[in-house]
Amino acid sequence: MADLLDLLLRVAEKAANVARVCRQEAPLFQLLVQEKTGADKNKKFVQDFKTLADVVIQEMIRHDVGAQFPEIAAFIKGEESNKFENGLGESVTVTVCGTEEETATLLATVLDGDHTAASLLAKAIHQDPHTIESSIDGPTVPLNPSELGIWIDPIDATSQYIEGREEVLEENHLSPSGLHCALVLIGVYVRSTGQPVMGVINQPFHHKDPAGGGWRGKHYWGVSYGNIHVCSESPPKGPTEAERGLSVVLSSSEKTVVKEALTSLCGPDRLMYASGAGYKILCVIQGLADAYVLSEGSTFKWDSCAPHALLRAIGGGVVDLSLTSNCGAQDQKTELTYHQPNADCTGADLWANRGGLVAYRDSSQLQRIIQALKDKL
Ligand code: 2IP
Ligand code: CA
Ligand code: CA
């Protein structure tokens, strides 16, 4: 398992490189955006963009992880399908080929014959993950690769990624929108129980290199299994919650009734809004908010699996909001699981976190939130 964490950190950094390359090349970026249609459409948005970067990143991760851990290969799933349609209406199945040249030739067909762009992408995809620096010494966990499955969101907060607004991040401060909300999310779960056990988050656009070398990223990771709980993030410093009051982060599209109930609990200044499901959970992990509440089924297994593992590693979790009214909030049965599709659903909805969610660090805070929302939904 230490080997798996090491590999996931490297492939997440490769993924971040692809995300950055795609934005750096303006003509390439124009070619990348396509609208989702049909059953895969995230119903929440009128326009939901699927980018070639998404598809390429997901396939690249699947390829690199499958090569080193063949036992997991068939259990690596993600948001995207690997079918991509080019400007000529031709459908191409995007895969990582045997050589960089072959991949470039395949990508050129998706990029309407733009060989320069295709070669740039192929180069990033074929980088040997072992040439990427990784300096962590992860814990050893008694699990076999054959027991594990993986959820990938190649780029979360695609709309922020496409819009591309650059923000300078202040330390200990939540920045509601911008490129920094775009995250690569790779979560590992136990196939038999659906429990999230390892998560890697890469934030490709964390800060600009002061020497003018472009964007630099940041990574976060966590492992939680049995009595092993290790995370790259430590508990937040600064004033305690008792001193400053409970804070909650929401989607700007959250229901009014939820906003009102939480305003009563936290006060108007402690209610915050931010883009990206992954970024909001990362804010909870970092202590920029105490919890993230979502009353709708607009996130999916690939959004929550990785950051959920980090929260568990620091003593928190992510519960299914619709289950919390019946069970005690500390009941493990209310924690989201990752192995079973929703019955009577098709397309992306098979894997939606249908009942909404609450991501938290502290279970007594979770109880207060659940109490505040009781009978409101
Ligand atoms: C989206 C993305 C959105 C989020 C939505 C996710 O994933 O994280 O930002 O909505 O729930 O499914 P919101 O920002 O309102 O929370 P993607 O960008 O991968 O489609
Ligand atoms: Ca997502
Ligand atoms: Ca995505």
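Q: In what order do the five strands of the open sheet lie, and which are the edge strands?
A: In this predicted model, five strands form an open sheet with mixed pairing, in the order β12-β11-β13-β15-β14. From one strand to the next the twist averages 25°. The strands that pair on one side only, and that are therefore the edge strands under the rule that two strands pair if DSSP finds at least two bridges between them, are β12 (271-273) and β14 (317-320).

Q: Which residue of β13 is the bridge partner of V248?
A: Strand β11 covers residues 248-250 and strand β13 covers residues 291-294, and the two run parallel, joined by two bridges. The bridge partner of V248 in β13 is A291.

Q: Across which strands does helix α9 lie, and at about what angle does it run to β13?
A: Helix α9, made of residues 277-286, lies across β11, β13 and β15 (357-360). Its direction relative to β13 is about 150°.

Q: Which strands does helix α11 touch where it packs on the sheet, and what angle does its direction make with that of β15?
A: Helix α11 spans residues 363-373 and packs on the sheet, where it touches β11, β13, β14 and β15. With the direction of β15, the direction of α11 makes an angle of about 150°.

Q: Is strand β8 mostly covered or mostly uncovered, and how many of its residues are buried?
A: Strand β8 runs over residues 196-208, and a residue is buried if 20 or more other C-beta atoms lie within 10 Å of its own. By that criterion β8 is mostly covered, the number of buried residues being 10 of its 13.

Q: Which residues come nearest to ligand 1, and from which domains is its shell drawn?
A: There are 15 residues around ligand 1, and those that come nearest are T158, S251, S275, G276 and A277. By class, this shell has two nonpolar, nine polar and four charged residues, and β6 (148-156) and α9 each supply at least two of its residues. At least three residues of the shell come from each of domain 1 (1-135 + 142-166 + 185-231) and domain 2 (241-373).

Q: Which element gives the largest share of the side of domain 1 that touches domain 2?
A: The protein is divided into domain 1 and domain 2, and their contact takes 35 residues from domain 1 and 28 residues from domain 2. On the side of domain 1 that touches domain 2, the elements giving two or more residues are β6, β7, β8, β9 and β10 (228-231). The largest share, six residues, comes from β8.

Q: In which loop is N172 placed, and what is its phi?
A: The place of N172 is in the loop between α6 (158-163) and β7, where N172 is exposed because 11 other C-beta atoms lie within 10 Å. Its phi is positive although the residue is other than glycine, with a value near 60°.

Q: Is D344 buried or exposed?
A: D344 is found in the loop between β14 and β15, and its phi, near 60°, is a positive value in a residue other than glycine. Because D344 has 7 other C-beta atoms within 10 Å, D344 is exposed.

Technical notes: Residues numbered from 1 in each chain as written. Chains lettered and ligands numbered in written order. Predicted model: local features only at pLDDT ≥ 70, side-chain atom pairs only at ≥ 80, totals over all residues. Helix = DSSP H or I, 4+ residues; strand = E, 2+ residues; numbered from the N terminus. Axes fitted to C-alpha atoms, helices over the stretch in contact; angles between N-to-C directions. Contact = placed C-beta atoms within 7 Å. Buried ≥ 20, exposed ≤ 12 C-beta atoms within 10 Å, placed from the backbone. Near = placed C-beta within 6 Å. Nonpolar A, V, L, I, M, F, W, Y, C, P; charged D, E, K, R; others polar. Domains from an automatic or database assignment.
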